[in-house]
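Open the model in a viewer and keep a selection tool at hand. The stops below go from strands to core to charged pairs.

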Amino acid sequence: MSKTSRETGRPGRVLGLDLGDARIGVAVSDPDRRLAIPVGTVHVGQPPGELKAIAALVGEHEVTQVVVGHPLAMSGGSGARASQAEAFAGALRGILSVPVAMQDERLSTVEAERSLREAGVRGRDRRAVVDRTAAAVILQAWLDAHAGD
């Protein structure tokens, strides 16, 4: 893996994840942590397959931080899906050598659907990219909240 951000003097890329039942949307930031870019999906199968795939993406993109979408209820409370996301983040912490953070993802999929619809992406094509777009929405929210850190 590349040098840490302290050694290079720059923050390094952040990987954002939108957890779903069938797919995990994946986005990555630029090295200066200004912009989130959708990069693809990881298909959900039997663990630890997803964890290994994400670890490979961390290495491939020289990631220095991972952000997992935290699906809180609109009230801000935690439900079953939030607990699953917390467990997944914990599993990632156990295998990765980079920090793993959680980011509130309320309405991220709704926002991703809206932006794709506004861009003219229709039906089946939209369903194919909504997960990675939602990951970019989650990651961009984290980047914006941590700008200047």
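The tour says at each stop what to select and what is there.

This is a predicted model, in which local features need pLDDT of at least 70 and side-chain atom pairs count only at pLDDT 80 or more, while totals for chains, interfaces and linings use all residues. Residues are numbered from 1 along each chain as its sequence is written, and side-chain values use heavy atoms, with hydrogens and water left out.

**Stop 1: strand E1**

Select residues 13-19, which are strand E1. Helices (H or I, at least four residues) and strands (E, at least two) are DSSP runs, numbered from the N terminus. Six of the seven residues in E1 are buried, where buried means under 20% relative accessible area, exposed over 50%, and partly exposed in between (1.4 Å probe, protein chains only).

Two strands pair if DSSP finds at least two bridges between them. Arg 13 has Val 63 as its bridge partner in E4.

Leu 15 is opposite Val 28 of E2. Three residues separate E1 and E2 in the hairpin that they form.

**Stop 2: the nonpolar cores**

Select Leu 15, Leu 17, Ile 54, Val 66 and Leu 92, which touch the most other members of the largest nonpolar core, a set of 21 residues. Such a core is a set of buried Ala, Val, Leu, Ile, Met, Phe, Trp, Tyr and Cys residues joined through side-chain atoms within 4.5 Å. E1, E2, helix H2 (49-60), E4 and H3 each give two or more residues to this core. A separate core has 11 residues, including Ala 135, Ala 136, Ile 138 and Leu 143.

**Stop 3: the salt bridges**

How many salt bridges does the count come to? There are two, a salt bridge being a side-chain nitrogen of Lys or Arg within 4 Å of a carboxyl oxygen of Asp or Glu.

Select Arg 81 and Asp 21, whose closest N and O atoms are 3.1 Å apart. Arg 81 lies in helix H3 and Asp 21 in the loop between E1 and E2, so the pair ties together parts 60 residues apart in sequence. Arg 81 is partly exposed at 41%, and Asp 21 is exposed at 63%.

Finally, select Asp 131 and Arg 23, where the closest N and O atoms are 2.5 Å apart. Asp 131 is in helix H5 (residues 123-145) and Arg 23 in E2, 108 residues apart. Asp 131 is buried at 12% relative accessibility, whereas Arg 23 is partly exposed at 30%.
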